[in-house]
Structures are given as structure tokens and as C-alpha cells.
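Please look at the sequence and the structure before reading on.

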Amino acid sequence: MSTSKRPSPLFDWFIPIDGDGQHIGTRRAERPPTFDYLRKVVDAAEGNGFHSLLIPTRFVNGLFEESAPLSETWTTVAALAAVTKRIRFLVAVRPGFISAGLFAQMAATLDQISGGRLDINVVPGGIQGDFERVGEKIDHHTRYARAEEFIESLRLLWERPLPTTFNGQYVSLEDAVVSPGVFNGGPRFYLGGASNDALQLAGRQADVYLAWIHTKENISSFIERANAKFSEAGRPARYGLRTHLVVRDTEAAAWDAAEELIARADPEVRRQRQAVTSSSQMVGQKAQAQVVKDYLLAPNLWNGISTVRVNCGTALVGTPEQVAAELRDYWRLGIDEFILSGYPHIEECDRAATDLLPATLSLIQEEGSLDA
């Protein structure tokens with residue numbers, strides 16, 4: 001991808017609603033996801049200058065044992081938005097579990113509370129077995145068709161505070177009203193997924209296509225495929241990348257930290273995650289959990305986290321200089337936003353802000369192709 005006149009990259013952090021700690025995959029988190037703890041994570045990210053915070057959506061705990069405490073997404077972000085001032089929130093939502101009309105009002109209200117700091121990560125796909133827990137049984141293709149109507153109806157409701165009608169196959173509105181509305185056109189929509197359905201939906205509806213990290217060859221292929229879909233829809237393409245980090249002063253220390261992270265994983269937690277992966281229809285999930293020697297997808301790319309975590313389970317591992325060079329290389333492919341995380345999230349947020357982000361920005365600035 002051409003690197004001419006690119007915007008300065010954005011760096012985001014993550015809210016660990018499953019819990020946190022120096023070890024993951026244990027039955028219970030060393031740091032449970034209480035509001036007081038999650039607020040400390042958010043304070044660290046806001047204080048360190050991160051642009052936004054991704055908050056995922058779950059039906060059960062996806063990092064520790066399934067019955068371990070889990071902080072519900074929307075309740076949590078509403079509370080956190082009220083006690084922050086600058087940082088944005090990228091909130092994951094699954095279409096179909098709440099009516100589009102009601103969600104449009106909820107999101108507009110949160111956008112008002114936060115002063116326009118809300119973005120939406122629409123998640124049509126699902127972890128195998130998750131939808132069934134709450135009585136949902138529709139197929140993969142239908143989920144994406146429903147998600148498109150969900151997005152279209154939200155945009156329509158946010159255009160103006162007047163009675164709105166929408167007659168879709170999955171979303172129906174009759175004189176629905178959202179007032180007050182949203183700030184500056186409303187939240188941006190982030191969409192991910194590696195399937196053809198996912199890429200088609202992203203091309204037509206995404207403001208940002210969000211990929212889980214994989215090898216640069218695979219990410220380049222995703223971007224090439226997505227570019228074609230954005231081009232077909234006549235829309236500009238923008239890309240984000242989600243990755244974990246294990247960064248230390250020396251490469252040996254980084255690999256030791258990576259191994260220690262999952263060293264106390266409970267066999268039952270590993271079994272639960274393996275059961276999800278082995279039966280999953282999600283293309284991206286299978287790619288994250290690809291079985292390779294020593295969990296090495298590439299010299300600095302390690303997917304050991306996938307043995308205990310649902311969804312994104314791959315990390316960049318190395319020194320600040322090594323990981324900065326990796327992020328620079330993904331930026332060269334066309335990534336303009338990086339959603340980062342590390343365990344524990346407070347300490348690793350500080351480390352990333354102090355050691356990694358300045359090095360990354362310096363390398364990108366050396367390319368001489370950022371907007372002035």
C-alpha cells in the first residue's frame with residue numbers, strides 16, 4: 001500500500017472485562033474485573049494518552065474458567081464513560097440481542113454522556129456455542145445480513161430526531177424516534193472477520209476494518225481482499241489491527257514473560273478453549289489458534305495466548321525496538337490504528353506508552369510520509 005500522506009497512527013488500549021493478572025488461563029483471575037479495577041485500567045490508558053479503549057462483548061468468561069466473574073459490556077462502559085474526560089470507547093455489540101431502535105437510543109444517550117466519545121464494534125459472528133447459551137440459533141450468513149440492517153437502521157435513526165420507518169427482513173421500525181441525537185454524525189462503525197460475508201459487509205458499512213494480528217503475509221492478503229470490497233462499494237478503506245504485547249528490555253526476558261503468562265493455566269480452562277476452537281466456524285478464530293511449533297507464527301509473533309483465550313490470542317513478543325519495527329511493518333501494509341493490550345493491563349499500558357509507542361512513532365516518522 002502507498003505510504004504517501006498517511007495520517008499519524010492511532011494507538012488504543014483494552015478493557016479486560018474477563019479479569020486480569022500476571023497469569024492467565026487460571027480458574028479465577030488474580031485481578032477480578034471489578035469496576036474499581038477496570039477504572040484503574042482506564043485511568044492508566046487515558047493518562048498515557050491512548051486514543052480509545054476497546055471493550056469486548058461476552059456471554060461467559062473467555063480468559064479464565066467460564067463461570068469466573070465477567071463484567072457486562074454496556075453497563076461497564078456507561079459507568080466508565082461518566083468518570084473519564086478525553087479517551088474514546090470502542091464498544092462491541094452483537095446485533096439481534098436488543099432491538100435496533102432501543103439500541104440506537106441507548107448509544108445516542110451514551111454518546112451524549114461521553115461528549116461524543118463513542119464508537120461501535122459490530123460483531124455479527126460468534127464463539128461456537130455462545131449464541132446458543134441465550135437461545136440464538138441463526139446461521140453465519142444470516143447474522144451478517146442482520147448486522148447490515150442493524151447498521152443501516154442506526155444511521156437512519158441518528159440522521160435527525162424525527163419519526164423514522166425502516167422495513168427490513170430482520171429490523172423493523174415504525175415511526176421510531178431517537179432524541180437527543182448523536183455528536184458529529186455519530187459513532188464510527190468498526191467491523192472485523194475473515195470470511196467472505198465479513199469482508200463484503202465491511203466494504204459496504206465499515207468506517208474501519210479491524211483485523212486480529214497474524215503474519216504480515218496474511219494481513220496483507222486480508223487488506224487486499226478488503227480493498228476490493230471497499231472499492232466495489234465506492235467507499236474509502238481504513239484499517240485497524242488488534243494485538244497483544246509482551247515487551248521487555250531484552251528478547252530473552254520477553255520470551256520468559258510470555259511463557260510465564262500461561263505457565264499456570266488450568267487444564268479445564270485449556271479444555272474449554274480447545275472445545276470452542278475445534279468446533280468454531282469462525283475463520284479468524286481458527287487462524288488465531290493455528291497449531292505451530294512453540295506457538296511461533298513468525299519470529300516475534302506468538303499465539304500461546306490462544307490456548308487459554310477466545311478470539312484474538314496472538315501477541316508480538318520482543319524488545320521495544322523489535323516490536324516497534326513490527327508495528328511499523330504492519331503500518332506499511334496499511335494499518336492506521338493499533339488496538340493493543342498486555343497482562344497485567346495497568347503495568348503493560350505504562351510500559352507500552354513509555355517504551356514502545358515513542359519508538360514506533362519515531363520509525364514511522366522516518367518514513368517521511370505522514371500528513372504535516
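## Arg328 and helix α11

R328 has its place in helix α11, where helices (H or I, at least four residues) and strands (E, at least two) are DSSP runs numbered from the N terminus. The model is a predicted one, in which local features need pLDDT of at least 70 and side-chain atom pairs count only at pLDDT 80 or more, while totals for chains, interfaces and linings use all residues. Residues are numbered from 1 along each chain as its sequence is written, and side-chain values use heavy atoms, with hydrogens and water left out.

With a relative accessibility of 15%, R328 counts as buried, a term that stands for under 20% relative accessible area, with exposed meaning over 50% and partly exposed in between (1.4 Å probe, protein chains only). Leaving aside neighbours within four places in sequence, R328 is in contact with L363, I364 and E367, contact being heavy atoms within 4.5 Å.

The end C-alpha atoms of α11 are 20 Å apart, which agrees with the 20 Å that its 14 residues should span at 1.5 Å a residue; the expected span is 1.5 Å times one less than the number of residues. Besides R328, the buried residues of α11 include P320, V323, L327, Y330 and W331. The buried residues of this helix pack against α7, β9, β11 (301-302), β12 (315-318), β13 and α12 (345-365). Just after α11, G334 takes a positive phi of about 125°.

## Helix α7

Helix α7 (residues 216-233) has 18 residues and reaches 25 Å from its first C-alpha to its last, close to the 26 Å expected at 1.5 Å a residue. Its buried residues are I219, F222, I223, A226, K229 and F230. Seen down the axis of α7, these residues fall within an arc of 125°, so they line one face of the helix; the arc is that of the directions from the helix axis to the C-beta atoms.

On the other side of α7, E217, E224, S231 and E232 are exposed. The cover over the buried residues of α7 includes α6 (196-205), β8 (208-212), β9 (239-247), α11 (320-333) and β13 (335-341). Just after α7, G234 takes a positive phi of about 65°.

The largest pocket has a volume of about 260 Å³. A pocket is an open set of points on a 1 Å grid over the protein atoms alone, where a 1.4 Å probe fits, with protein on both sides within 12 Å along at least five of seven lines, and lining residues have an atom within 4 Å of a point. The volume is the space filled by probe spheres set on the points.

The pocket is lined by 13 residues, of which T57, E72, W74, V93 and R94 lie nearest its centre. Two or more lining residues come from each of α2 (73-81), β3 (88-93) and α3 (100-114). In α2, T73, W74, T76, V77, L80 and A81 are buried. Seen down the axis of α2, they fall within an arc of 160°, so they line one face of the helix.

## Two loop prolines

P187 is placed in the loop between β6 (172-176) and β7 (189-192) and is buried, with a relative accessible area of 5%. Leaving aside neighbours within four places in sequence, P187 is in contact with L118, D119, I120, W158, V182 and D207.

P161 is found in the loop between α5 (140-159) and β5 (164-167). With neighbours within four places in sequence again left aside, P161 is in contact with V177, V178 and S179.
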